[in-house]
Amino acid sequence: MTMTSPKSPSEAEYLACQLPSWYSTFSQPFPNRRKGLTFQTRVLDAPDSFRPYLVEDGVRLPPNTKPSSCLACKPKRVAGDSDDEDSWSEDSSIGEADEHNNSLSRDSKLTVLTDQISEAIKALGGFIIPKLNWSSPKDASWINEGTLKCQTAGDVYLLLKSSDFVSSDLELIDTVKDQKIQIILRKWANLYDSQEFRCFVKDKRVVAISQRQADQHFEHLPQEKDELLVFLEDFLEEFVFEKFASGGIPSYVVDVYVDRQDRVWIVDFNVWGERTDSLLFSWEELNGWGADKESEIRVVETEKEIRPHPLNNFRAPMDTVHVASITGGSPDNFQALMDLCQKPGDGSDHDDEGETE
């Protein structure tokens, strides 16, 4: 194996991999495809006030926004509940919350953003997956019933504000010249985990393909993997190599989905490097992959080879779930619940910061 010193991704590579950079290329109709090669998406430019809102302590939603669910608890009526949405206002902490909400309500740009999010969700069929320029808030899905599926602007704010992955995007934006925060809303699709794959492209050649969900074993994949390798190599060579970044970025990682009709869909692009999860490979072997070494596909062959889920460290705290049960899981009481919770710190040691859905 030829050992190569790993290099950090360049600014050009980061820019090429953010969804707004490549979406227009792959959303256009292609030969033999009435639609494009990726899922419908809306990109919204965030106002200047959005960043301070994201980074402030606590999880507080803007006025007139509600999550559609709360910590896996469905809204339910409890005996003695008041019909008044302000029934919690006698709590001494609510006065501070009202003052904060008033400041948010005076932010007309944030109100406009809320309207834009709501309109985009409706245009995309009523359900979407949110992300920032690069990352989706997978680490915060526990607060949204374990899913990234959103149907309200409140769902979107809740996930983005609760996510450390999104915070890492803000740090990256600071290092990229003239880069602005963009909110990306992708049409929800119920994808089968067994049909998602991560393709590692080095010098415009597929060197490795990994089963995307390495924490599961799918009995059919070991028998189909050789055929999948050739199939995905052909797809990337025909549709991606010279089109992604106009062929100017030779090495990157691309996530794809193969549907029941054997159509390949591009899910996301990621930079080549340790910021991106190498799944069933290691970055040491990927960086040292020589030009004369054949490409390889890896799947979880047996249940004994199942890997730990990369987001195991990002689960709902039991005490938070307990508090949610006390409040009845009602979105009307959500803000009072969040007043008891603080946004997780930035000390989590995760590798999978640049992933998408």
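Reader: Happy to start with the sheet. In what order do its three strands run, and is the pairing parallel or antiparallel?

Author: Strands of a sheet pair through backbone hydrogen bonds, either parallel or antiparallel. In this predicted model, the three strands form an open sheet in the order β1-β3-β2, with antiparallel pairing. β1 (41–45) and β2 (128–131) are the edge strands, each pairing on one side only. From one strand to the next, the twist averages 20 degrees.

Reader: Over how many bridges do β2 and β3 pair?

Author: β2 pairs with strand β3 (residues 182–187) over four bridges, in the antiparallel sense. To find your place there, look for Ile128, which stands opposite Lys187 in β3.

Reader: Which strands does α5 lie across?

Author: Helix α5 lies across β1, β2 and β3, and runs at about 175 degrees to β1. Another helix, α2 (residues 19–26), lies across β1 and β3, at about 40 degrees to β3.

Reader: Which residues of α5 are buried, and why do they line one face of the helix?

Author: Here is the general idea: an α-helix has 3.6 residues a turn, so residues three or four places apart point the same way. In α5, the buried residues are Leu110, Leu113, Thr114, Ile117, Ala120 and Ile121. Seen down the helix axis, these buried residues fall within an arc of 130 degrees, so they line one face of α5. On the other side, Ser108, Glu119 and Lys122 are exposed.

Reader: What span should the 16 residues of α5 have?

Author: At 1.5 Å a residue, α5 (residues 108–123) should span 22 Å, and its end C-alpha atoms are 23 Å apart, which agrees. After α5 comes Gly125, with a positive phi near 100 degrees.

Notes
Residues numbered from 1 in each chain as written. Predicted model: local features only at pLDDT ≥ 70, side-chain atom pairs only at ≥ 80, totals over all residues. Heavy atoms only, no water. Helix = DSSP H or I, 4+ residues; strand = E, 2+ residues; numbered from the N terminus. Expected span 1.5 Å × (residues − 1). Buried < 20%, exposed > 50% of the residue type's maximum accessible area, 1.4 Å probe, protein only. Arc of directions from axis to C-beta. Pairing = 2+ DSSP bridges. Axes fitted to C-alpha atoms, helices over the stretch in contact; angles between N-to-C directions. Contact = heavy atoms within 4.5 Å.
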